[in-house]
Amino acid sequence: MEVFYYMVFGVMAAVVAGLELSKTNKDRINTSSSFNSFKNNYLVVFSIMMAGDWLQGPYVYYLYSTYGFGKGDIGQLFIAGFGSSMLFGTIVGSLADKQGRKRACVTYCIVYILSCITKHSPQYRVLMVGRILGGIATSLLFSAFESWLIAEHNKRNFDQQWLSLTFSKAVFLGNGLVAILSGLFGNLLVDTFSFGPVAPFDAAACILAIGMAIILTTWSENYGDPSDSKDLLTQFKVAAIAIASDEKIALLGAIQSLFEASMYTFVFLWTPALSPNDEEIPHGFVFATFMLASMLGSSLAARLMARSSLRVENYMQIVFLVSAASLLLPITTSVLVTPSKVKEEGLSLTCSIQLLGFCVFEACVGIFWPSIMKMRSQYIPEEARSTIMNFFRVPLNIFVCIVLYNVDAFPITIMFGMCSIFLFVASILQRRLMVISEKPKGEEWSPMKDRNSEVDPLTL
């Protein structure tokens, strides 16, 4: 493997370690022992849930290919997963608000374990069922756990600023350290021990079962709005009215969809960008480097959010602009340097520059997650939190399905350019969100519970 990969990985690891070890009292938030116990319990559970997800990710495509399916069939399976998340996500989100977030988190474990079991079958229909179950599980993973955390945090009367500490640590561990360890563990099972491509899915099922046991024994239940006995359709209307009547919620949803659409598109594009002529690249090592960059970003986010004088809405504009510039690099390098059509032995200068730019983008992803969580905790009303969060994922899933269906229809530079435009638009919307969030409280929209009179006519 080229020295350049080791250099990038080593520098990234050194910077992350330096950031964590150099924290001063200004970079830390003073908390209570009861909060620390609560936070650590959540971080353990969330890390286990993310480990169950990360273990599967690198081997889904590989497993389908070993069963003899071609690119077209595999593409349909992936589209089924995102389509399932889009169609059923809002339903399971509403059920989480109505039936309880703890139950929804347990349901995530059960559904994802069933999805893992289907991977033992080479039959296309069984694998399709597995992808549908996986899409439902993904919707629960990115809504139910956060909704439970925020509700429980508020129920225990912890300081609101302490939420940012939990968010940043969750991203640092769940989207960083756990992702790297899961990738190494999966590689150990498949390559070193030769247990086959289904082994990571079995390991994920076991890990999810352990996490479910911890949830059942240590978590209490909380709900969106237990005082209201709303049916599912009414809950959808309440969530839709909240988004339509509060500009801050609508802006937040648009910002999240634009960023995540760019992020998921990047997941499909970074491999062909770094190996334009099918050069051999160490995918696992590059993935680990990206996760280190994400850890760097979450570490920076923790420092930024620890400063009460600095608002998330302010610095996220810069983050979106930097991420937009980083994804413009493939276009810039293709203009300045004539792309080679010959397979090269090592990493070209163009690809080296792109790799560095992609690391910057992943650092922005690391800042984005805890920051968007913080803003969601401030703006999304508690009684329909999971429902609204899954509404935000609908345009994202539609876009990803379109990209998957037309992945070969457009040049890679066009795709990166589109992502860069999305991120630039996100920065503009973030600017608007910052402006309206600074308005005096009297000028803001009233909470959802005060708007019940607006909701009732629609529910008749």
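## Close-up views of a predicted model

**View 1. Ser-139, a buried residue of helix α6.** With a relative accessible area of 0%, Ser-139 is buried in this predicted model. Ser-139 belongs to helix α6, which covers residues 124–141. When residues up to four places away in sequence are set aside, Ser-139 touches Ser-85, Gly-89, Val-92 and Asn-390.

**View 2. Helix α8 against helix α12.** Two packed helices are described by the angle between their axes and the distance between the axes. The axes of α8 (residues 162–192) and α12 come within 8 Å of each other and cross at roughly 170°, and the two helices are therefore roughly antiparallel. By class, the residues of this contact comprise 12 nonpolar, 7 polar and no charged residues. On the α8 side the contact includes Ser-164, Val-171, Phe-172, Asn-175 and Ile-180, while among the residues that α12 brings to it are Phe-287, Met-291, Leu-292, Met-295 and Met-305.

**View 3. Helix α1 against helix α12.** Helix α1 (residues 3–21) packs with α12 at an angle of about 25°, the axes lying 9 Å apart, and that angle makes α1 roughly parallel to α12. The crossing in which α1 passes α12 is left-handed. The residues of this contact divide into 17 nonpolar, 2 polar and 2 charged. Among the α1 residues that take part are Tyr-5, Phe-9, Met-12, Val-16, Leu-19 and Glu-20, and they belong to a set that meets α12 residues including Phe-285, Leu-292, Leu-296, Leu-300 and Arg-303.

**View 4. Leu-300 within helix α12.** Leu-300 is placed in helix α12, which spans residues 283–306, and it counts as partly exposed because its relative accessibility is 30%. Apart from residues up to four places away in sequence, Leu-300 touches Leu-19 and Ile-367; Leu-19 is also one of the α1 residues listed in the contact between α1 and α12. Between the C-alpha atoms of Leu-300 and Val-335, which are 35 residues apart along the chain, the separation is 33 Å.

**View 5. The largest nonpolar core and Phe-290.** In soluble globular proteins, nonpolar side chains tend to be buried together. The largest nonpolar core of this model has 138 residues, of which Met-49, Tyr-108, Phe-145, Phe-290, Met-316, Phe-358 and Ile-388 touch the most other members. Helix α15 (residues 349–379) gives the largest share of this core, 15 residues. Leaving aside neighbours within four places in sequence, Phe-290 is in contact with Phe-266, Trp-270, Leu-355, Phe-358, Cys-359 and Glu-362, and of these partners Phe-358 is also named among the core residues that touch the most other members.

View 6. Most residues other than glycine have a negative phi, and most peptide bonds are trans. Asn-157, a residue other than glycine, has a positive phi near 60°; its place is in the loop between α7 (144–155) and α8, and with 69% relative accessibility Asn-157 counts as exposed. Ser-194 likewise has a positive phi, of about 55°, although it is not a glycine. Ser-194 is found in the loop between α8 and α9 (199–218), and Ser-194 is exposed, with a relative accessible area of 56%.

Key
Residues are numbered from 1 along each chain as its sequence is written. This is a predicted model: local features need pLDDT of at least 70, side-chain atom pairs count only at pLDDT 80 or more; totals for chains, interfaces and linings use all residues. Side-chain values use heavy atoms; hydrogens and water are left out. Helices (H or I, at least four residues) and strands (E, at least two) are DSSP runs, numbered from the N terminus. Buried means under 20% relative accessible area, exposed over 50%, partly exposed in between (1.4 Å probe, protein chains only). Contact means heavy atoms within 4.5 Å. Axes are lines fitted to C-alpha atoms, for helices over the stretch in contact, and angles run from 0 to 180 degrees between N-to-C directions. Angles under 35 degrees count as roughly parallel, over 145 as roughly antiparallel, 65 to 115 as roughly perpendicular and the rest as oblique. Ala, Val, Leu, Ile, Met, Phe, Trp, Tyr, Cys and Pro count as nonpolar, Asp, Glu, Lys and Arg as charged, and the others, Gly among them, as polar. A crossing is left-handed if the near helix is turned anticlockwise from the far one by less than a right angle, and right-handed if clockwise. A nonpolar core is a set of buried Ala, Val, Leu, Ile, Met, Phe, Trp, Tyr and Cys residues joined through side-chain atoms within 4.5 Å.
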